[in-house]
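Biologist: I would like a close look at a single part of this model, taken slowly and with the cut-offs spelled out.

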Amino acid sequence: MEMQKSLGEINASIQALNKIVEGTKSKVDDLVKWKNMIMGGAITIGFLLGIGLTFFKVFLNK
């Protein structure tokens with residue numbers, strides 16, 4: 001009887017931990033998505049600035 005009660009408590013604890021892990025995984029996935037969006041934006045801005053500077057150096061320094 002005591003063993004079944006203990007197993008039930010252990011199972012409840014494991015299920016609670018699984019929910020916490022899933023929530024944490026979801027938050028980490030969201031952070032990774034944001035990081036990738038920020039990195040992509042920074043690369044795009046850098047590329048556009050490079051093209052702009054090249055344009056000004058080539059066409060305005062004639």
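Biologist: Is Phe-55 buried, partly exposed or exposed, and what is its relative accessible area?

Modeller: Phe-55 is partly exposed, with a relative accessible area of 44%, where buried means under 20%, exposed means over 50% and partly exposed lies in between, judged with a 1.4 Å probe and with protein chains only. Before going further, please note that this is a predicted model, in which local features need pLDDT of at least 70 and side-chain atom pairs count only at pLDDT 80 or more, while totals for chains, interfaces and linings use all residues. Residues are numbered from 1 along each chain as its sequence is written, and side-chain values use heavy atoms, with hydrogens and water left out.

Phe-55 sits in helix H1, which covers residues 2-60; helices are DSSP runs of H or I with at least four residues, strands are runs of E with at least two, and both are numbered from the N terminus. Along the principal axes, the C-alpha atoms fill a box of roughly 90 × 10 × 5 Å, and buried residues make up 0% of the chain.

Turning to the rings, the structure holds two aromatic pairs, a pair being rings of Phe, Tyr or Trp (its six-membered ring) with centres within 6.5 Å, called stacked if the planes are under 30 degrees apart, edge-to-face if over 60 and tilted for the rest. Phe-55 and Phe-56 form an edge-to-face pair, at 5.7 Å centre to centre and with 70° between the planes. The rings of Phe-55 and Phe-59 have centres 4.9 Å apart and planes at 50°, so this pair is tilted. Phe-55 and Phe-59 are four residues apart in helix H1, about one turn of the helix, and the ring pairs link Phe-55, Phe-56 and Phe-59 into a cluster. Phe-56, at 48% relative accessibility, counts as partly exposed, as does Phe-59 at 49%.

Leu-53, also in helix H1, counts as exposed because its relative accessibility is 54%.
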